[in-house]
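Morning, everyone. Please take a look at the screen while I walk you through this one.

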Amino acid sequence: MTTFITTPIFYASGDPHTGHAYSGIIADIVHRFRQLCGEETILITGTDEHGQKIAATAQAHNTDVATFVEDKAADFAALWPQLAVQPDVIIRTTQTEHKAHVSKVWQTLAGKGDIYPGTYAGQYCVACEQYYPARELDGDCCPVHKKPVTTVEEASYLFRLEHYRQRLLDYYQSHPSLITPSHFQDAIIEQLKSGPLESLSVSRVNNAWGIRVPNDSNHTIYVWIDALFSYITAIQLSGHNSAAIAGAVHVLGKDILKFHALYWPAFLLALGLPLPEKLVVHGWWTIEGEKIAKSNPATAVNPGVFSEQLTADGLRYALVRQKPLSRDGNLALDELKAAINADLANNLANLVKRNNTLVLKHFQGELAATTKNQLDDECGQLLASCGQQIEQVIRAYRQYELYQVTLTLKQILDQLNTFFHQRAPWLLGKGQDEQHVASTCFVVSNLLRHVALCYAPITPQLAVNILAEQGVDLTTAVLRSDIELHSVSINGAGSHFQRLH
Ligand code: MSP
């Protein structure tokens, strides 16, 4: 079965920032990990291009809205290669196929009576494109943007969310790890238990920039229906059936949990479609304590700039190394550099270079295969201990605990470096015999091959370079938890990661 890994589709209302980059990088890491395990996965990203807010922003820039979103979509598309993010499908909500798909969805839901005409009165935040119940407001301000909400009462089509409450509750209770980390799932279950769900307003009368409601052109379809169904449009565009949404892993920030954990599955249930495999929810990045947001220009540094300063591998690594996924974290360039230098430049790349240099110098790059039983005890112990830790790394990847992945990889490298120093293979002929040196380099080379594979989803270029020196092609390599000892054939000893200054 194909797994679809998705990023949220990004609002085409401003330039990409590092918060957006984070959603994209996490999804790409999950995608690369699954592919490395031999699974078939498709990475979907895209841009959310309709809605009042985008129309207003385009107007403020004196630009025609279609041209405006075209430019922003191009900015996002251009960002991904700079971050080594490799989407298979880039969906835009202004695409003809998508608009036709959403109209059809609407007709089905309206035909079933799940969508019906009415009026809606509430507190609306234009920036979020959503109504807020009083209990979620911060005084009279939106909890995300901290800006006053406006009272709106207007004709609106409504979706009968309550009709699906019990089924949603049953589903979450019978799939306890659908949302990761689990405290987000607990919160959704609490909300579902706490009483009837208000009908959701799913159309707007004061927004011309959107998909028209079929048979009622005064209304446009609510941007969140429009946006969420882009996941399925993209699945269809990749040649699969809508039901393949069952194999979807949605990566999203905690600010958009409600849309993905309540509204999205309710729409899918209403259409008789299966629910996604997983919601992976991440926290926010701040800069000097301020949430990175396009409305706060001091924080909205283009992630391409960070990628130039840290390299794409460095940025990707630092973002998962600095905090557990679901927590918030502060992005401080010097701290990121320190972690990258310590872990990637010193602990990993430097060890690879030193080991490979010795194998080339003393063994012409070639070390014959040896079985575990032929190795001395120290080597055996190292293999056993690193083997267990590599299993932990793979388990952590499977559980989307990417921070844990980096911590365990760091522990493995600490062990490898300690082993290398204690065994001092550079003292060949000066106290260390050839057998001792050969087995040291043999074990280290084999473990570094596994370690490089484990790093590959996070730091793909670094992994490609390290593996190439062992004659391994990452595109055909498969990550397994058991340590395989191969003969070693080293063809280079390059400096794969320059220290950052
Ligand atoms: N268009 C909607 C998503 C629709 S998905 C069907 C949207 N777009 S967004 O551009 O505002 O945000 C996209 C992603 O960026 C979200 O996952 C959001 O959490 C993430 N981030 C935006 N700012 C962020 C930080 N400061 N830190 C980390 N991620 C944050 O919401």
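Is the crossing of helix 12 and helix 14 left-handed or right-handed? Left-handed is the answer for helix 12 and helix 14. By that I mean the near helix is turned anticlockwise from the far one by less than a right angle; clockwise would be right-handed.

Some ground rules. This is a predicted model: local features need pLDDT of at least 70, side-chain atom pairs count only at pLDDT 80 or more, and totals for chains, interfaces and linings use all residues. Residues are numbered from 1 along each chain as its sequence is written. Helices (H or I, at least four residues) and strands (E, at least two) are DSSP runs, numbered from the N terminus.

Back to the helix pair. Helix 12 covers residues 333–363 and helix 14 covers residues 402–423. Their axes come within 10 Å and cross at roughly 40°. Axes here are lines fitted to C-alpha atoms, for helices over the stretch in contact, and angles run from 0 to 180 degrees between N-to-C directions. That angle is why helix 12 counts as oblique to helix 14. Under 35 degrees is roughly parallel, over 145 roughly antiparallel, 65 to 115 roughly perpendicular, and the rest oblique.

Who makes the contact? From helix 12, Asp 343, Asn 347, Leu 348, Leu 351 and Asn 355. From helix 14, Lys 410, Leu 413, Leu 416, Asn 417 and Phe 420. Contact means C-beta atoms, placed from the backbone, within 7 Å. These residues divide into five nonpolar, three polar and two charged. Nonpolar is Ala, Val, Leu, Ile, Met, Phe, Trp, Tyr, Cys and Pro; charged is Asp, Glu, Lys and Arg; the others, Gly among them, are polar.

Now the ligand. It is surrounded by 20 residues, and the closest are Pro 8, Gly 19, Asp 48, Gly 253 and Ile 292. A residue belongs there if its C-beta atom, placed from the backbone, lies within 6 Å. Helix 1 gives the most to this shell, four residues. The shell holds 13 nonpolar, four polar and three charged residues.

Last, strands. Two strands pair if DSSP finds at least two bridges between them. Strand 5 (115–125) and strand 7 (150–159) run antiparallel, joined by 10 bridges. There, Gln 123 stands opposite Thr 151. Strand 7 also pairs with strand 9 (200–201), antiparallel, over two bridges. Leu 158 faces Ser 201 across that pairing.

One more sheet: it is open, has three strands in the order 16-15-17, and its pairing is mixed. Strands 16 and 17 are the edges.

How values were computed:
Contact = placed C-beta atoms within 7 Å.
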